[in-house]
Amino acid sequence: MNKVETVTQVAFVYEALEKATTYLKQHGREETQARILLQHELGLDYSGLIAAMRDKIEDCQYKDFWENIEEVIQGVPVQHLTGSEQFYGRTFNVSSSVLIPRPETEELMEETLKLKREIFGKEEVQVADIGTGSGIIAITLKCELPEAEVMATDISEEALFVAERNAEALDADVHFTKGDLAAPLAGRKWDIILSNPPYIAHYEAPSLADTVRDFEPHEALFADSDGLAAYEQLAQQVPALINRPGIIGLEIGSSQGAAVTELFQNALPEARVYCKKDINKHDRMVFCILD
C-alpha cells in the first residue's frame, strides 16, 4: 500500500479507521489497535471517536496515524506508540524500558487487597514491591491503600525513572530505590511483600509473540534455572524480611505453580502457601500467609 496515496485517498475519520483495520488484519495484527492509535492521534476517547466518524481528518494527522500503523505491522507494541496503558482503572506511562502492564497482574492486586482486609483490616501496613518496573503494583497499592507505607525496588534506572513519573502523575507517595530484587529491603521487616519477577525460561523465547520478544526488556522477561532463578533467590531473601502476620504474593508463569509453591513452602514451613489461578484457569499467583 502506497503511503502517499493513502493520505490523499482518505478524507474522513471512518475511512482512516476502515483502511487501517483492514491493513492490520491482512498482516495478522490485532485489528483493535487501529482504533487505539486513531484515538491517540485525534486525542479522543472511544465515544468521541464514534461521534467524529464523519469528520474530516487532516492529511498531517492521517500521515502520523499511518506511520504508527506501519510500526505496528513491524511488531512495535501499540503501548510504545501511545506511551501508555491502563491498569486497575488508571493510566500508566510505559516505554521500552519496562514491561507493558498485563491484566493478569490486576488479579494479583485483587487477591492482595482481599487478604489485606482479612488479615490487617484498616491497620497501616508496610508494603514492598520487588522489581517494580513501571510501578503499577506499588502505585496501585498506594492509591488503593492510602494509609500504607510503600517501597519499590528495581535494578533498572530507566524503569525507576518511568515508575517515578507514574507515581508523580497519580499523586502516589511511593519510595523507589535501586537494587537487585530484595537486597534494598534488608534491615527492616514488611507486612506485605509482592513481586512480579522475570519468569520466562530462555528456551521459551522462540514461542513468544514478536511484540514481546523483540520489543520488551529481556531482563524483565527471562530468568535462568528454567525461569525459576528469581523465585529461588526470593525464597532465600524474603523469610528474613516478612513480619508475622504477613503476606507474600508472587506472579508466576502458568507452568510454575507447583515449583514455586514448593520453594516457598520449604522456605517458610510455618506459612500457608497456595497457588491461585487466573481468570483463564491458568496458575498465575503464589501466596504465602503467615499468622
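Modeller: In this predicted model, the axes of helix H2 (residues 13-26) and helix H3 (residues 32-42) cross at roughly 140° and come within 8 Å. Local features need pLDDT of at least 70 and side-chain atom pairs count only at pLDDT 80 or more, while totals for chains, interfaces and linings use all residues. Residues are numbered from 1 along each chain as its sequence is written, and side-chain values use heavy atoms, with hydrogens and water left out.

Colleague: Why are H2 and H3 called oblique to each other?

Modeller: Angles under 35 degrees count as roughly parallel, over 145 as roughly antiparallel, 65 to 115 as roughly perpendicular and the rest as oblique. The angle of H2 and H3 is roughly 140°, and the two helices are therefore oblique.

Colleague: Which residues of H2 and H3 make the contact?

Modeller: Contact means heavy atoms within 4.5 Å. On H2 the contact is made by Val13, Leu17, Ala20, Thr21 and Leu24, and on H3 by Gln33, Ala34, Arg35, Leu38 and Leu42.

Colleague: What makes H2 roughly parallel to H5?

Modeller: The axes of H2 and helix H5 (residues 59-73) cross at roughly 15° and come within 11 Å. That angle makes H2 roughly parallel to H5. Residues in this contact include Ala16 and Tyr23 of H2 and Phe65 and Trp66 of H5.

Colleague: How do you know that strand S10 and strand S11 pair?

Modeller: Two strands pair if DSSP finds at least two bridges between them. Six bridges join S10 (residues 272-277) to S11 (residues 283-290), and these strands run antiparallel. Lys276 stands opposite Met285 in S11.

Terms used
Axes are lines fitted to C-alpha atoms, for helices over the stretch in contact, and angles run from 0 to 180 degrees between N-to-C directions. Helices (H or I, at least four residues) and strands (E, at least two) are DSSP runs, numbered from the N terminus.
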